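Me: Please take a close look at one part of this model for me: the sheet and the helices packed on it. Keep it brisk.

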Amino acid sequence: MASQYLYIMSNLPKRTHPRLKNFDYSKNGLYFLTICVKNKKELLCDIVGRDVPDAPNIFLSKTGKIVEKYIHTINNANSITVEKYVIMPDHIHLLIFIDNTDGVSGTSRPTHSRLSRTVSGFKRLCNKELGRNIWQTSFYDHIIRNEEDYKIHYRYIEDNPVMWVLNKHEI
């Protein structure tokens, strides 16, 4: 029995840490984040209006409205600004600026960075109000490196609802 357990455990995929190794997450920075709903459940919103002017339209669910409320609270936290965001049915994208010039201490350890603490706090607040955990473990981050990179990710957030509708209607 023990040998079967060891065999199973040794053949499971090894989880890699999604933060960039050796990057100093304590310094000022602009980040593109993706936070996913557990099991890809589409519970944050509906996106409708493929052939409607000014479409598509995002209609937040009750859960999506709670998520949006807590996105807005990030702006009040320790010199952190959400510059752009979009709530999709099963994930959210955010452009977050962290300003560490105010003397708030940080750390280069990715799992203890202001970025990770902010995302963790955001998820915790959402989950507490909802009474259940809706989020996938961890999150994806991309460090914005220059103005062109910023524009690409800003546009990606803007275009994500359109791409969602187009992908859903592909045959």
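Reply: Contact here means heavy atoms within 4.5 Å. Keep in mind that this is a predicted model.

Take the two helices together. In H2, Thr63, Ile66, Val67, Lys69, Tyr70, Ile71 and Ile74 meet a set of residues in H3. Those H3 partners are Thr118, Phe122, Leu125, Cys126, Glu129 and Leu130. By class, the contact of H2 with H3 holds 9 nonpolar, 2 polar and 2 charged residues. The axes of H2 and H3 are 10 Å apart, and the packing angle is about 145°. Their crossing is right-handed.

Now the sheet. It is open and built from 4 strands, in the order S4-S5-S1-S6. The pairing is antiparallel. Strand S4 (80–87) and strand S6 (140–143) are the edges, each pairing on one side only. From one strand to the next, the twist averages 20°.

Inside that order, strand S1 (residues 29–36) pairs with strand S5 (residues 91–98). The two run in the antiparallel sense over 8 bridges. Cys36 stands opposite His91 in S5.

Back to the helices, this time against the strands. Helix H2 (residues 62–74) lies across S4 and S5. The direction of H2 is at about 160° to S4. Helix H3 (residues 114–130) also packs on the sheet, where it touches S1, S4, S5 and S6. The direction of H3 makes about 35° with that of S1.

To put it together: H2 lies across S4 and S5, H3 touches S1, S4, S5 and S6, and the two helices pack with each other at about 145°.

Technical notes:
Residues are numbered from 1 along each chain as its sequence is written. This is a predicted model: local features need pLDDT of at least 70, side-chain atom pairs count only at pLDDT 80 or more; totals for chains, interfaces and linings use all residues. Side-chain values use heavy atoms; hydrogens and water are left out. Two strands pair if DSSP finds at least two bridges between them. Axes are lines fitted to C-alpha atoms, for helices over the stretch in contact, and angles run from 0 to 180 degrees between N-to-C directions. A crossing is left-handed if the near helix is turned anticlockwise from the far one by less than a right angle, and right-handed if clockwise. Ala, Val, Leu, Ile, Met, Phe, Trp, Tyr, Cys and Pro count as nonpolar, Asp, Glu, Lys and Arg as charged, and the others, Gly among them, as polar.
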